[in-house]
Amino acid sequence: MTREEAEQLDAADPLAFARERFILPENLIYLDGNSLGALPRAVPAMLADTAERQWGDDLIGSWNKHGWIDWPTRVAAKLSPIVGAQTHELLIADSTSVCLFKLLGAAAHARPQRKTILTQQRNFPTDLYVAQGLAEMMGLQLKAVPADEVIGAIDADTAAVTLVHVDYRSASIHDMRAVNAAAHAEGALTVWDLSHSAGAIAIDLDGTACDLAVGCGYKYLNGGPGAPAFLFVADRLQNDLQSPLQGWMGHADPFAFEDDYRPARAINRFLTGTPSILGLAALEAGLDTFADVSMRDVEAKARILSQIFIDEVEMRCGAEVRLESPRDPRERASHVVFAHADAYAVMQALIDRNVIGDFRAPTLMRFGFAPLYNTHAQVVAAAEILADILIARSWDQPRFKDRAKVT
Ligand SMILES: Cc1ncc(COP(=O)(O)O)c(C=O)c1O
Ligand SMILES: Nc1c(O)cccc1C(=O)C[C@H](N)C(=O)O
């Protein structure tokens, strides 16, 4: 595909209007929105207003005057069309890891006769670590099986099945409906981590009968570095589950300051401590970047962008890299992973040419396509630059091999 052909696709893109909702440096091809989403144009003013007018002028009165106390549920409601849940099933709180701890703990606690938490091998580390910690604390066994063996491994001893919906390395997608059905047939609960799917592909939490879910606010949802996470508890479970991290904000009457914990009704019982209001302000602006956006269009564009990238890279330099994401676009979400023996140096060379992706040890280069702001022309340009670097071996320089960086 030529850059001109890609520009024609951009001209016909039903999501083109959303690009203006972001501030991105000129001449940068940012393919890392799956790790840290771009800055929404509305965020600086939103943060300034929350800090100066609300916090600055109204101080403590803002909890009432500006309704801060309700922001965890008010802002969460904006996620409803993005993840296919009812507004009262959603809450913004904590980090993804902490939300996972709460919901997985609650799920295991709700199945006291069962001794197994089931997950997949090579999960995102935090999902494994949280499950390992909970299993040890609750006297349970954590069973991690290969991804394609999860459904077959669910049995009458399974309390909860916890999976990352879209794999952080390969972008392969678990079949939510099938896993939920298999878990429910055995009486187990499901806990999904939507970090790499929320805002990238269409999700139907209610329609596929999910029980519980969590996800990051700072990836495709554009909530900013360290944005609070979100959690979902299906309506039918809300009053039966108990959070293992009880705190005063999840109490039925926080300002009664009672000695004994009484859980709030419904989703609010999954709050623990005081919500980060500045974090919520930025996340609200992030979620507003999805206003009037159809998740079907987002998913369709995710598939097209990732397919163009795969085709263009393989056509230009296929012998240099190996695709580590599913080849079938229906089995992939919105990022693409290629393996290369010197992936770190290649990624540094790409960054040096203003194409930002990320490196995952030991050999993976990961490219995330954010349908709201990445263009078809950028994807073709990124493939051209990658091919140029690989064919000319311009990555093979000491300055690209210094491994001192964090991410
Ligand atoms: C699948 C998945 N879960 C969770 C996280 C992060 O969790 P937290 O927000 O607690 O750092 C990430 C990325 O960092 C992730 O890829
Ligand atoms: N959460 C991150 C962070 O705090 C710093 C750097 C990167 C991240 C990430 O999001 C990593 C990411 N979850 C991944 O899929 O690799």
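The model is predicted. The domain assignment gives domain 1 (3-40 + 294-400) and domain 2 (44-288). Ligand 1 has 13 residues around it. Helices H6 (96-109) and H7 (125-138) each supply at least two residues of that shell.

**Domains and their contact**

- Domain 1 is assigned in two segments, 3-40 and 294-400, while domain 2 is assigned as 44-288.
- The C-alpha centres of domain 1 and domain 2 are 29 Å apart.
- Across the contact, 25 residues of domain 1 meet 21 residues of domain 2.
- On the side of domain 1 that touches domain 2, helix H11 (295-317) and strand S12 (335-339) are the elements that give two or more residues.
- H11 provides the largest share of that side, with five residues.
- By class, the residues of that side of domain 1 are twelve nonpolar, seven polar and six charged.

**Shell around ligand 1**

- Ser-95, Thr-96, Ser-97, Phe-124 and Ser-195 come nearest to ligand 1.
- The shell divides into six polar, five nonpolar and two charged residues.
- Both H6 and H7 contribute at least two residues each to the shell.

**Helix H7 (125-138)**

- H7 has 14 residues, which should span 20 Å at 1.5 Å a residue. Its end C-alpha atoms are 20 Å apart, so the model agrees with that expectation.
- Asp-127, Val-130, Ala-131, Leu-134 and Ala-135 are buried in H7. They cover an arc of only 130 degrees around the axis, which means that they sit on the same side of H7.
- Residues three or four places apart in an α-helix point the same way, because there are 3.6 residues a turn.
- Pro-125, Glu-136 and Met-137 are exposed on the other side of H7.

**Helix H10 (277-288)**

- H10 has twelve residues and reaches 16 Å from its first C-alpha to its last. That is close to the 16 Å expected at 1.5 Å a residue.
- Nine of the twelve residues are buried, so H10 is largely enclosed by the rest of the structure.
- The buried residues are Gly-279, Leu-280, Ala-281, Ala-282, Leu-283, Glu-284, Ala-285, Gly-286 and Leu-287.
- They pack against strand S3 (39-40), helix H2 (43-58), helix H4 (71-76) and strand S4 (90-93).

**Ala-171**

- Ala-171 sits in the loop between S7 and helix H9 (176-185).
- With 28 other C-beta atoms within 10 Å, Ala-171 is buried, because 20 or more is the cut-off.
- Leaving out residues up to four places away in sequence, Ala-171 touches Val-166, Ser-325, Arg-332, Ala-333, Ser-334, His-335, Val-336 and Val-337.
- Ala-171 and Ile-267 are 96 residues apart in sequence, and their C-alpha atoms are 30 Å apart in space.

**Gln-8**

- Gln-8 belongs to helix H1 (residues 3-11).
- It counts as partly exposed, with 13 C-beta neighbours inside 10 Å.
- Gln-8 and His-376 are 368 residues apart along the chain, yet 8.8 Å separates their C-alpha atoms.

**Backbone geometry to check**

- The peptide bond from Ala-361 to Pro-362 is cis, with omega near 0 degrees. Pro-362 lies in the loop between strand S14 (358-360) and strand S15 (364-368).
- Asn-354 is not a glycine, but has a positive phi of about 70 degrees. It is found in the loop between helix H12 (343-352) and strand S13 (355-356). With 15 other C-beta atoms within 10 Å, Asn-354 is partly exposed.
- Arg-393, also a residue other than glycine, has a positive phi near 50 degrees. Its place is in the segment after helix H13 (376-392). Arg-393 is partly exposed, with 13 other C-beta atoms within 10 Å.

Technical notes: Residues numbered from 1 in each chain as written. Chains lettered and ligands numbered in written order. Predicted model: local features only at pLDDT ≥ 70, side-chain atom pairs only at ≥ 80, totals over all residues. Near = placed C-beta within 6 Å. Helix = DSSP H or I, 4+ residues; strand = E, 2+ residues; numbered from the N terminus. Nonpolar A, V, L, I, M, F, W, Y, C, P; charged D, E, K, R; others polar. Expected span 1.5 Å × (residues − 1). Arc of directions from axis to C-beta. Contact = placed C-beta atoms within 7 Å. Domains from an automatic or database assignment.
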